[in-house]
Amino acid sequence: GTVSLLVINPASPDAKLTYKVGGKDVPLDGPHVLIGPGAVSLLGGAASLSFTNKTGADALIDMLVGRDATP
């Protein structure tokens, strides 16, 4: 089903912690919450996200993805 909720929550927000979407690095300087298909579409239909950690410390990131599983 189509993703309708995405929450990316870093344990220690930092602009040096980023994820790449659409060729652009997006800093995880706080929680990112996308609710609804319109908001999630801002990711450009990305099927995956890649994270880069330049903080010099381990990074813990919680993610929640929601979709309608009914036909």
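Residue T18 is found in strand β2, which covers residues 14-21; strands here are DSSP runs of E with at least two residues, helices are runs of H or I with at least four residues, and both are numbered from the N terminus. The model is a predicted one, in which local features need pLDDT of at least 70 and side-chain atom pairs count only at pLDDT 80 or more, whereas totals for chains, interfaces and linings use all residues. Residues are numbered from 1 along each chain as its sequence is written, and side-chain values use heavy atoms, with hydrogens and water left out.

T18 counts as buried because its relative accessibility is 12%, where buried means under 20% relative accessible area, exposed means over 50%, and partly exposed lies in between, with a 1.4 Å probe and protein chains only. When residues up to four places away in sequence are not counted, T18 touches D25, V26, P27 and L28, and also S50, F51 and T52, a contact being heavy atoms within 4.5 Å.

A search of the whole structure finds 1 salt bridge, the term being used for a side-chain nitrogen of Lys or Arg within 4 Å of a carboxyl oxygen of Asp or Glu. The partners are D25 and K20, whose closest N and O atoms are 3.2 Å apart. D25 is also one of the residues that T18 touches. With a relative accessibility of 41%, D25 counts as partly exposed, and K20, at 37%, is likewise partly exposed.

A further open sheet of 3 strands has the order β4-β1-β6, with antiparallel pairing. Here the edge strands are β4 and β6 (61-67), each pairing on one side only, and the twist from one strand to the next averages 10 degrees. Strand β1 (residues 3-10) is joined to β4 by 4 bridges, and the two run antiparallel; in this pairing, L5 stands opposite I35 in β4. Strand β4 itself, residues 32-35, has a covered face made of H32 and L34 and an uncovered face made of V33 and I35.

M63, which lies in strand β6, is partly exposed because its relative accessible area is 44%. Together with F51 and V65, M63 makes a nonpolar surface patch of about 260 Å². Patches are made of residues with over 30% relative accessible area and no salt bridge, like charges being joined within 9 Å and nonpolar side chains (Val, Leu, Ile, Met, Phe, Trp, Tyr) within 5 Å. The accessible areas come from the Shrake-Rupley method with a 1.4 Å probe, and for residues only the protein chains shown count as cover. F51 is also among the residues that T18 touches.

Outside the strands, G45 has its place in the loop between α1 (37-40) and β5 (50-53), and it counts as exposed because its relative accessibility is 67%. G45 and V33 are 12 residues apart in sequence, and their C-alpha atoms are 16 Å apart in space.

For the chain as a whole, there are 1 helix and 6 strands, and from the N terminus on the elements run β-β-β-β-α-β-β. The C-alpha trace spans about 45 × 25 × 15 Å along its principal axes. Of the 71 residues, 24% count as buried, while the chain exposes about 4,800 Å², of which carbon and sulfur atoms supply 56%. Among contacts between residues at least 6 apart in sequence, 66% join residues at least 24 apart.

Technical notes:
Two strands pair if DSSP finds at least two bridges between them. Axes are lines fitted to C-alpha atoms, for helices over the stretch in contact, and angles run from 0 to 180 degrees between N-to-C directions.
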